[in-house]
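Subject: Structure handover

Hello,

Here is the structure we talked about. Please open it alongside this email, and then read on for what was found.

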Amino acid sequence: MRSVTTILNRAKRLDRFMGRVITLGGMTIIAAVLGILIFIGKEAYPLFRAPRSRESAPVRLAPCAALLADETGTALATLDAGRGLTATIAGRSLVLPPGGPALPWTSVTAASSQGHFAAQGADGRIFFCEMQWDKPAETTDPGLWNAQPVWKGGIPSETITLLQARSLPASGIAASSTWRLVAKDAKGRLNWSETEEEAQTPLSWKTVDMPGGESPRCALWSADGTTLFVGTTQGTILAVNLGGLPRVEATAAFGEPVTALGFVLGQTSLLAGGEKGTLKALQMLRQDGQTTLQIFHQFQSMNGPVAGFMASQRDKRFLVWSSDRLAVDHLTTESRLFEAVVPDLRAGSLSARGDRIFAVDARGDLRSWTLDAPHPEISAKILWGKVHYESYPKPDYVWQSSGGTDDFEPKLSLVPLVFGTIKGTFYAMIFALPLAILGALYTSQFATPRLRDTIKPLIEIMAALPSVVLGFLAGLVLAPLFERSAMKVLLFPAATLILALALFPLWRKLPRRIRLGWGTGWEVLWVVPLLLGGLALASAFGPAFERTFLGGDFRGWLLHSHGLTYDQRNSLVVGFAMGFAVIPIIFTISEDALSAVPKSLSSASLACGASPWQTAWRVVLPTASPGIFSAVMVGLGRAIGETMIVLMATGNTPVMDWSPFNGMRTLAANIAVETPEAPVHGSLYRLLFFTAALLFCLTFLLNTAAELVRQHLRKRYESF
Amino acid sequence: MANIREWWRRGSALIWFSGAALAFSLLMIFGLIGYIGAKGLGFFWPGAIVRVVTPEGPVLGEITGEEPDQVQFHVANRDLFGQDYRWIPRSELKEMTKPLDAVVVERLEYGPFIGRIQRVEKDGQIVQGDPQEALRRLRPAAMTLSKHIRSLDRNEVGALNRQIEDLRLELNGTPPAGRPALEARVKALQETYEATQARLEVLRNQAAAVTVTLEAADGQTKTIPLASVVRVVPSNALGAFGKTGAYLSRLWEFIADDPRESNTEGGIFPAIFGTVMMVLIMSVLVVPLGVMAALYMREYARQGWLLRALRIAVNNLAGVPSIVFGVFGLGFFVYLVGGTIDQIFFSAKLPAPTFGTGGILWAALTLALLTVPVVIVATEEALAAVPRSQREASLALGATRWQTLWNVVIPGAMPGILTGLILAMARGAGEVAPLMLTGVVKLAPSMPLDGTFPFLHLDRKFMHLGFHIYDVGFQSPNSEAAKPMVFMTALLLLLVVVVLNLFALRLRNRLRARLGGGAF
């Protein structure tokens, strides 16, 4: 037999142990639950982190005129008139296969971000080069890589300073691609030429006539090769169409001599840099048959003549350099992601991913940086301000997260979503608030106790209806129903009121015994047939009303006289369906608050001769108003975060329009729509986490406010 | 008249008005539940098959909708007509009859066929006698055969596929010395696989030998294997008894069978099963978590402003939108935890994710987090309601704190804990938004619980009633044809949630009555 002390000791040990387990477990669970916000915030945080850059040790190369980096920034090619093309991979110099223009080159263009350039050899022949890096499949070791420049052409020409060559893919019957070249001759005139890639006939150069005697400084072909953008010493940028007869399509005043032109990814936005370092972006806009060159972004100055540009192949960032500094800017946000001062800078390069930056100076020292800016397209201004996107005529709030093409730029303004959330909540609340509060007032003050005990659980059941069922009903049943009989729905309140006024004298005629005995406290049940009658009346006279006053078609009338379109899945439907979700919450909390008002107050009021309604409206309601306020807060929280109903009952179009006959897209529905498609840890993914954190904070604050008010109220009534 | 003015002034009219607000809310609830119930339950009842003659030819179908100037016919025969439903103006309807030989043939493919049975053929020979009679005679055998084929296809072939796949993975991680033995096993399995396929082929040919030729209203015919006929309902020839039989058979198919035709036909058993499994896993997770947190907060933690703040925070978590929990579940459970598990334990299968993608475990965990405040709040209330006298009696007898908790307080609080659990289950069963991010799919190839080791597959994706509603109603290409079925699914989900809630309500009321109600 074990002694009593052993048993006691064991009990005590167990007690201590369980105490520790529960304390630890409880704290962990609470911490975990609260950690949700922290985790969501942590996922969103990198969006707003400032870009970071780190410089690697410099390497001595020979001086060169242009630099070219591969996708990852591991392999590098240099272009120099005297030495031609050289390539290094991770610091290892490569011997390139023979070919290309004869040394020394008389001129070489800057390299495009796709690794294309043209050069003219000592013998006058012009070659076009696509720089390719041979990376055997599945090798990450740069030691196994090789450079494979592809030289094409070799077309004889007079000696000229090449500015740019654009290769246009073969089209139609032409078997090989064609090139469009632009160059400056010895007199400083701009010349252009077009040739087949394999042509043997010498190039014939055509002079581009400059209007007003302006002298060209730099030039760039548009993506389709029909328009030549020219920057002049006089500070003008011209778009010259060379598709047919040469004509100046549009001009823009830049303000200072234009020293360099470049493109951003997608080749719709033209970058221009001036002699004093001014940096602007322009776009061609075709509106109402007019073409304009619009300056739509301006960047921080480079404090010196801008020498060149290179665009990233991933997003809208680009590298720009002048004679003594280089910088990486983002087109849409206009923010500077990186800047470095390099004395005697000759050329810069940006890897295709935009995460490595190279610069070479006059002595041939190569400096390189890694740039860590994973989400440059997000800034506070992008999320909350009007943004001027490419091919949009003016700044606007736009949400459009994905598009069909690779160079599509996501447009991530949260304003339309916040607007949609407010709109959905607004329509839900104007429908639900009066119903819920009046219903609660009735239940707590006027209904008989038996009725009250049946109604409360019923409404609580309503709170538990799955929102997917409500959404399904709203989207597939109510929306078409409302569309067919919008007039009837809108007439319903008026019809019920008219019916009530018509039936009122009849009610007065009933014996007093029935009116007081069966009427008081049971009004609700008498009203049900009245409402159904109102519905029948509205259905019966709706079509006639529509014919007489609105020309037979409500939707047509709406469009003609108010310019409003009627979407099938609109705010009315959402408001009504969200009512199912919001009414029970507001009702339950308000009813609790109203019932908690001390009887002594209402009794005093009644004793002074106030009618029951006067008592309820002037005494009970004001006393319980903090409780009702808290009910409204909780209801708001539910309406803001409701997902399925909005997802299914609206078209989810992010429009900004208050009309009750359109849909909207809310923050919550947006998360449900976009998250499954968003690439992990991409900007959209993180932005969706950010909106989730927003929703979390908003509802949490609303609920906390409500809870504090409720606690305060509870304390106040404890004394009664 | 003065009387009325007085009536108005004293606000009686407004009492009526507020009563109307309540009545409207109640009408909304009853209207919703009644509408879904009527639409859902009415769907399986075999309606009359009506034949009418229109200028474009005869039409045969069930009347599914009526408007003042037009009538909607369910004409079925999607493979012949291209659409299931047709609106026909009333003015064009002539010669309405209800032919006795008209049947609704439910098929495995292309939805139901409405028409006449022309002939039944076996091995190319027309079976003599009344075709309906012949069909009735031959169907049991055909059905057995088709069931056999399906089970063979799904179970044996599926199991073989999995075994071969597992061996392949093992082979990748084996040094060359051990390979021949494994390779021999793979080869043996592949031979079995081919043999099974050959057997299947024989059975399929056998099934294809018995065919039935159906004739539509416009005279087009369609010959299909008898094995692909699910049910034949000669609605016009059936009495009330026969119709009830057809109704029950359809209802049973709906509850117990797999879906067909991208979820628009057949049953929703996998969705029911998935919902139940998910809620069960969630319950297993949520009860210990919630009860432990409540015990800590009520019994162990020092009461003070910090705890009050914590309590408000936990309560308010119940009001945070469910989609936010979904986002958290995706980021934390699926990508972070699941991704890490894959790196450590399932690296052989990478980049194909095992736990690093949505699955039933992650969905259940997410919902557990979502519903844990409900359990905490209910448990705390219940713990607080256990009378002080009982605790003190226990402590006075020398019991330790834990002994008091375990033997006195927790049993006393049990109904409250259960109420919390049931409310959590009801909430969990109805939530869809977080599941959409953490592992629900429109069509799951396999159940989360089956006969292959380790039986409970927590990494599998699953189907869910709520998501089924969303998907079939909104993403399906043929949502008009699927709508009635969605009503039935919605009814089922509604029933589950409402019954659970009523149950919790009853439990809470009984508890309140027992404890005098003061504490709540």
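Predicted model: local features only at pLDDT ≥ 70, side-chain atom pairs only at ≥ 80, totals over all residues.

Overall build of chain A

Chain A has 15 helices and 33 strands. Its radius of gyration is 37 Å. The globule rule gives 27 Å for 720 residues, and the value for chain A is well over that, so chain A is more spread out than a compact globule. Along the principal axes, the C-alpha atoms of chain A fill a box of roughly 120 × 100 × 45 Å.

The chain is divided into three parts: domain 1 (64-207), domain 2 (214-376) and domain 3 (415-718). Look at domain 1 and domain 3 of chain A in your viewer. Their centres, taken over C-alpha atoms, are separated by 69 Å.

Where the chains meet

How many residues does the contact take from chain A and from chain B? It takes 77 residues from chain A and 72 residues from chain B. Helix 1 of chain A gives the largest share of the chain A side, with 19 residues. By class, the side of chain A that touches chain B has 54 nonpolar residues, 16 polar ones and seven charged ones.

From helix 1 of chain A, the contact is made by Ala11(A), Leu14(A), Asp15(A), Met18(A) and Gly19(A). From helix 12 of chain B come Arg401(B), Trp402(B) and Gln403(B). By class, this helix contact has four nonpolar, two polar and two charged residues.

Two sheets in chain A

An open sheet of four strands runs in the order 13-14-15-16 in chain A, with antiparallel pairing. Its edge strands are strand 13 (161-168) and strand 16 (206-207) of chain A, and each pairs on one side only. Inside this sheet, strand 14 (residues 178-184) and strand 15 (residues 190-196) of chain A run antiparallel and are joined by seven bridges.

Strand 19 (residues 236-241) of chain A pairs with strand 20 of chain A in the antiparallel sense, over six bridges. Leu238(A) stands opposite Thr251(A) in strand 20 of chain A.

A hairpin in chain B

Strand 9 (residues 210-215) and strand 10 (residues 221-225) of chain B pair in the antiparallel sense over five bridges. Thr211(B) has Pro225(B) as its bridge partner in strand 10 of chain B. The two strands form a hairpin with five residues between them. Which residue in the turn has a positive phi? That is Gly219(B), with a phi of about 95°.

Best wishes

Key: Residues numbered from 1 in each chain as written. Chains lettered and ligands numbered in written order. Contact = placed C-beta atoms within 7 Å. Nonpolar A, V, L, I, M, F, W, Y, C, P; charged D, E, K, R; others polar. Pairing = 2+ DSSP bridges. Domains from an automatic or database assignment. Rg over C-alpha atoms; globule rule 2.2 N^0.38 Å.
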